Structures are given as structure tokens and as C-alpha cells.
Amino acid sequence: MAPHTIRWGIISTGGIATKFSQVSTPHSLRFYSSNRVNHVIYPPSECSSHAQDILVDPSTRDVSDVAHKIAAVGSRSVASAQAFIDKLKAGKAPFDWGAKNGLLDNTKAYGSYEEVYNDPNVDAIYIGTPHTFHHANAKGALLGGKNVLCEKPFTLDMDELDELIAIAKKKKIFLMEAVWTRFHPIAYAVQDVIHSGKLGKVKRFSSEFSKDLDPDNQPYSHRMIDPALGGGSLLDMGPYPSVWAMLVLHHHPLNKSRKPPKLHFSHQTLYPRSNVDLNSRWLLEWEGVSQAMLMTDMSTHGPKESTVYISCEEGDLALEWGPFKPQRFWIIPHPPGAEKSIKVKTEHHYPVSAGGGMAYEADEVARCIRDGKLESERMPWEESRIVQGWFDQVRRAGGGVLANVKGNAGK
Ligand SMILES: NC(=O)c1ccc[n+]([C@@H]2O[C@H](COP(=O)([O-])OP(=O)(O)OC[C@H]3O[C@@H](n4cnc5c(N)ncnc54)[C@H](OP(=O)(O)O)[C@@H]3O)[C@@H](O)[C@H]2O)c1
């Protein structure tokens, strides 16, 4: 049977939409323990883009039931949209497969996002604008009858998110937050290890996304600095410590009813230049499962080999940096004298397939649309709401420039 093909519209030609990386160079082929596809291992920090990754041959990730095509690109400038398409067409392996196989034939360049919302040849729209525009862009796309995959964080606040969900339900259109990490082979593998009980009960959990973005040397207009673009570490980096807490603890078999955690306290350090948060910390507790300390920081690097650390009764599990796309974890015995059944440190590799790792979530969108679903079971609305709720609480308690800013719900 022919694959179900999704005709994508891409909104914006910024960093994540146009991060034309050279991820085709593997840095190691030595360790291989994934049972999923024919992988090579890429440096974890390398990032790709949605548009690039859907141009990679789906068979490289063992996919034959769905496929992708880029029907339109919308930018505030038609020249930028056209330059983006030209760059995609000039992509190197493995991203050249799309152009060679017609995935960029007749791709339209538009000088506005509205034209993409209204293009009858577009099935789904990927939104890669700064956070403060996600709501308006997703709303425009949904009202234009288009399925939506929206970058993280979904929206600025819960009211915006609830409005989008209400529109999707009413119009019976698919909507999902683009938390790509959820779909990576390693995410399933870590869940399998912890939920199998092989390491015993979880005793303590910490996860963080910290990276020194050298904020003092960025222009005020940088979207991590400028409050008008939703600046600060929490909204941009917060989805990544959150995704691991959600997958491991929220989905833990001991949390049968999927009860959301309690947020005990939070703290933000403010960046005097624009009063956005330089770092955020918040402590959660899933009753009967574990506490979890989550952190973001844009002025210092996080630990290389324990961006997520899960202490368990029998031994621990640590994930490599960065939390958006780790491809390696370790199982580690307790310190000398306190060892339990885990006696030896082991290393486990679960690399993403060819490309940067964003095609998995695109495949999920395609399958959900094909099957008439409004939301993804792997990235459901309610779980986006739980995380968005933490961000609202942490931001408000932090007292920064965004503490009392309301989103655009209703506008
Ligand atoms: N999943 C991931 O790994 C990942 C990685 C990085 C970023 N992201 C998310 O993607 C989103 C965009 O991040 P980015 O780094 O790509 O941002 P960026 O480089 O600043 O690009 C944002 C783009 O949005 C458009 N835009 C529309 N109105 C704008 C305005 N008033 N000011 C600035 N840009 C405006 C512009 O595109 P046009 O000129 O073409 O209209 C701009 O190039 C963020 O929400 C971020 O959280 C996700």
C-alpha cells in the first residue's frame, strides 16, 4: 500500500526551521545496542530542523507507512521563504533524498503565514516562530483548517493552550506540541529500564537543561533575552528536563491514575539586563513514585554525563547531555559499600536514525492524521497542559518581567 503522505507547510525561516546542520558525519560506530533501526551515532549536541529531517529517506528509520512532502514555506518575507526552499534543495546527504525524490517539487514560497494557513495543498503546518507567537500562529492555522505541529513551549500560558485545544476539538483537527525527544528510541529504552523494575523503586530524580549561551554577549533582540519574545531559560529550556520527568515518573506504573505531581516550590534567578530568568529550579512530587528536581540555566553548562539522574534502589541511571537528544545512558552501581544488585557500570546506546532526529515526531503526526486522531497518545494534550502549568507557576512565583504577563487567549 502507498504510504500516507502529509503535505507540510512550514511557518518561519528562523533558527530551528533553518538549522542546516552537517549531521551526516557519524562520530562513532563502535557502540551499538539499539534494536530499532540501522543507526549511526551523531554528536548529541547537533541539531537539525523539521524541514530538513522530513526530506530524509523514511526507510533509514524503517518507516514505509507514512511519508512527507513540503508544499509551502511561509515567512515574513517572500525572499526569505524562497531562500529557505533553495537551501533545502541544495541539501547534502542524507537530506538530498527529498529533492531527488520530488518532495520539494512545486513548493510555494509565501511572504506571509496567512497564505500558508489558506493553501489548499497544505495538510499540516509546522510552527517554528518564537514562543510568544505560537498561539497566534497555531490559532491561524487551525482556523484555516490545518493540522498543527507547534514547537515547544506550546504557548506562553495555559489560557492560550486551552484555547487552541478547544479549537482543535471543535474543528476536529489534529494538534500537537513538538516535543521531539518523546519519540526518540532512547526515550522508550529509558522508560523500559525504569518501568521494568530492574533497578527497583525510584528513590530520587533530577533533570536539567543547562547551557552557557553567553547572554552578556547576545543582542537584546535575541529571543532568549527579549521579554517580548518570551525570553529566559524556563520557557525555552524547561520542556527538556520536563519531558524526562513526565516519561519516567508521570508514566511510572506506580502512578496508575496518571495523577499530576504537586509543585512544592520554585526559584528563578533574574537576569538584570532584561529581567527574564537566567535560571529556574522547581521541585515536583509524584505521590508514591518520587520527587523530582528540575532545572534550567542559560549561563552555565550542565553536567556532560548526568543531565538526567535517576537514583533507584538497586542502582542508578544517568543520561548524557543534552536532554533534547541524548543517545547514550549509563547504569551505575551505588557508591562503594552501598552497592546492591547492580555491580558494574554499563553503557547503552540508542542513536537517532539518519538526519537530526526530528522526523520521528513528523511520522507520528502523519499517522495520527491518517488515523483521524485529534491528539497523539505519545504526546497528549493533557501532558502538555501539565508542563505548561508548571511554567505558569514558576514564572509567576519568580517575579521577573514575565511574571504577570498574560498570553493572547481570546484575541
Ligand atoms: N525542538 C527543538 O529542538 C528546538 C530548537 C530550537 C528552537 N526551538 C523552538 O523553536 C522556536 C523558534 O526558535 P528559533 O531559535 O528558531 O528562533 P529564531 O531563530 O529567532 O527564529 C524565529 C523566526 O520566527 C519568525 N518571526 C516571526 N515574528 C518574529 C518576530 N517578531 N521576531 C523574531 N522572529 C519572528 C522569523 O521568521 P521569518 O522571518 O521567516 O518570518 C524568525 O526567523 C522557539 O519557540 C523555540 O523554543 C525548538
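**View 1. Helix 7 and the residues it buries.** The expected span of a helix is taken as 1.5 Å times one less than its number of residues, where helices (H or I, at least four residues) and strands (E, at least two) are DSSP runs numbered from the N terminus. The structure is a predicted model, in which local features need pLDDT of at least 70 and side-chain atom pairs count only at pLDDT 80 or more, while totals for chains, interfaces and linings use all residues. Residues are numbered from 1 along each chain as its sequence is written, and side-chain values use heavy atoms, with hydrogens and water left out. Helix 7 (residues 158-171) has 14 residues, and from its first C-alpha to its last it reaches 20 Å, close to the 20 Å expected at 1.5 Å a residue. Its buried residues (under 20% relative accessible area, with exposed meaning over 50% and partly exposed in between, for a 1.4 Å probe and protein chains only) include Leu161, Leu164, Ile165 and Ala168. An α-helix has 3.6 residues a turn, so residues three or four places apart point the same way. The buried residues of helix 7 pack against helix 6, strand 6 and helix 12 (381-398), and contact here means heavy atoms within 4.5 Å.

**View 2. The hairpin of strand 8 and strand 9.** Strand 8 (residues 262-271) and strand 9 (residues 276-286) run antiparallel, with nine bridges joining them.

**View 3. The largest nonpolar core and a second, separate one.** A nonpolar core is a set of buried Ala, Val, Leu, Ile, Met, Phe, Trp, Tyr and Cys residues joined through side-chain atoms within 4.5 Å. The largest has 86 residues, and those with the most contacts inside it are Trp8, Val190, Phe205, Ile310, Phe329 and Trp390. Helix 10 (residues 239-250) gives the most to this core, with eight residues. At least three residues come from each of domain 1 (4-27 + 47-181 + 360-379) and domain 2 (185-349 + 388-398), with bounds from an automatic or database domain assignment. The second, separate core has 24 residues, Tyr110, Ile125, Leu164 and Leu175 among them.

**View 4. Glu383 in helix 12, and Ala403 in the segment after it.** Glu383 is buried, with a relative accessible area of 7%. Not counting residues up to four places away in sequence, Glu383 touches Arg182, Met246, His250 and His251. Ala403 is also buried, with a relative accessible area of 4%, and, leaving aside its neighbours within four places in sequence, is in contact with Arg395 and Arg396.

Terms used:
Pairing = 2+ DSSP bridges.
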